[in-house]
Amino acid sequence: MCSLLNFPTPPPDGTITVCEANSELVNTDNNNEDILNRYKDMMNIPDITVERSPNTLVHESAKSAFIEHKQTVLKKIIATWHENGCMGVLEEIANMKGEVSPWICKTVCGILMSIRWLNSLHGSIFPHLLLSSEDLVCEFSHTLDWQSSPVKVFAWHPHVMKFAAALNDDSVKIYTVNNSLVPTLKHKLQKYVADIAWRPFSSSEVALACQSCVLVWHVDPKSLATRPSTACVQVLSQTGHSPVTSLCWCPQGGALITASPADTAMMVWDVSMERCEPLRRFGGGGVSFINWSPDGSKVFAATPSTVFRVWHTQKWEVEKWSNPCSRCQAACWSPDGSTLLFATYTEPKVYSLRFGHLTGTTETSIGGSKAAVCVVDLTQVVLGSTEEYNVGGCVQSMVWDPLGQRLAVLFRESNSSNLVAVFKTKVHPVLEIISCGFVRGPTNTSAASICFQPTFDSGALLTVVWSNGKVSHIPLYFLSPRALEHGGLISGSGGAPGNGHTPSLLFSQD
């Protein structure tokens with residue numbers, strides 16, 4: 001089992017990590033502009049820094065802009081229904097003393113008391129259901145301190161050198177290499193953006209997980225418009241399925257899955273038809289995080305409780321796992337979908353689950369490892385001789401590069417959040433995880449989120465979003481075993497997914 005005690009001493013304060021070369025992370029002085037600019041020019045990726053804008057997430061109702069006027073009871077109820085739904089109507093009627101019959105008010109008040117009692121009972125079992133939409137997103141987001149981070153979500157396109165960044169004013173900007181045009185996506189329903197996913201094999205479609213719905217934008221890469229109109233967006237919504245905190249596309253781009261910690265069902269969307277099919281399993285209190293395996297054969301689904309599930313997409317059969325300690329916080333798949341790494345909310349450890357394939361076929365067998373195996377111990381340790389560094393702790397986010405050669409871990413503890421731990425990994429014939437080093441960013445910052453660029457062809461490209469709004473791209477140069485067999489470098493996972501698994505159709509034919 002790998003431990004942080006095997007790691008080299010973290011780079012000192014005042015330095016910044018620029019790349020990995022010869023299996024070691026290279027650092028330079030934070031003020032050495034010449035070297036930093038040289039690496040930026042080599043990468044040729046847009047260098048962005050987003051300034052923090054305080055109080056940008058205060059959403060006011062349009063109602064406050066109009067002078068109040070007398071309405072009939074029926075008109076008030078209809079307007080409330082459109083704005084706040086059934087509960088809003090009941091609360092409105094309960095407050096209409098003098099406008100409706102007293103027995104109606106008493107009856108509605110009794111109904112409201114019963115509903116609130118049931119909700120409090122349910123909330124005592126699943127306390128997260130008592131949180132507001134914003135607090136739910138903040139609780140289950142993989143971005144550290146999502147609420148105040150200048151860049152709330154960052155997502156690379158799976159095949160093209162471009163990325164989307166959700167900012168703290170709920171706008172989303174699209175940056176493309178060798179293109180100075182930066183489209184800005186904005187919609188009235190685009191609130192509390194918690195996740196972003198580009199559609200595979202499409203250069204224009206990107207899905208946003210929002211407070212009340214999912215928005216699928218169609219951004220034409222050839223368009224010169226910097227503010228695409230609302231005609232370019234599809235709104236996907238389902239009653240009770242909000243806030244949406246996680247979404248992912250099938251690796252073949254056919255279906256979109258969305259999840260909400262307040263809904264026990266995952267929604268599998270046929271985006272072109274704007275309809276969905278629920279995948280529901282009771283228990284867990286909702287679905288907080290989903291991750292489709294790169295080969296398309298499995299979907300990982302975490303819940304706000306100690307339960308998580310793995311769905312097999314061939315027949316949509318499900319395996320249920322439980323952890324007595326706490327909920328699952330982060331998880332990632334190996335490139336071939338054979339190995340799942342995950343970390344819980346309260347344990348400083350990384351666990352592994354293995355899944356097999358049926359002999360002579362590419363179909364995965366139902367039933368993975370009987371028990372999860374601890375493969376990395378992230379317990380806090382003190383490193384360094386001349387200067388001591390406390391590093392380690394519980395995991396906030398964890399990502400695996402598309403070649404299965406590097407694993408990056410972002411810590412939740414404040415004394416370790418300015419460092420990102422990088423491991424060297426090997427999936428076959430047995431899983432191996434060994435230490436590589438720590439990535440350090442600009443002075444007085446902490447890492448907010450991490451991800452890998454999917455098509456980098458010289459190893460792996462780690463992107464780190466820092467708490468000051470700076471986005472760093474750190475190339476990790478190495479040769480994979482397959483590249484060595486072919487006598488040179490190979491491209492990343494920009495092509496079709498490995499084993500070509502296609503999920504079975506969930507939508508009935510009309």
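Buried means under 20% relative accessible area, exposed means over 50%, and partly exposed lies in between (1.4 Å probe, protein chains only). The model is predicted: local features need pLDDT of at least 70, side-chain atom pairs count only at pLDDT 80 or more, and totals for chains, interfaces and linings use all residues. Residues are numbered from 1 along each chain as its sequence is written, and side-chain values use heavy atoms, with hydrogens and water left out.

**Exercise 1.** Classify the ring pair of Trp146 and Tyr192.

Solution. 
- Start with the rule. Rings of Phe, Tyr and Trp (its six-membered ring) pair if their centres lie within 6.5 Å; planes under 30 degrees apart are stacked, over 60 edge-to-face, the rest tilted.
- Check the structure's total: 16 aromatic pairs.
- Take the distance and angle. The centres of Trp146 and Tyr192 are 6.4 Å apart and the planes stand at 70°, so this pair is edge-to-face.
- Check burial. Trp146 and Tyr192 are both buried.

**Exercise 2.** Classify the ring pair of Phe342 and Tyr351.

Solution. 
- The ring centres of Phe342 and Tyr351 are 5.6 Å apart and the planes are at 20°, so the pair is stacked.
- Phe342 and Tyr351 are buried.

**Exercise 3.** Decide whether Cys105 is bonded to Cys109.

Solution. 
- Recall that a disulfide is a pair of cysteine sulfur atoms within 2.5 Å.
- The closest cysteine sulfur to that of Cys105 is in Cys109, 6.2 Å away, which is too far for a bond.
- The count of disulfides is zero.
- Cys105 is buried, at 7% relative accessible area, while Cys325 is partly exposed, at 44%.
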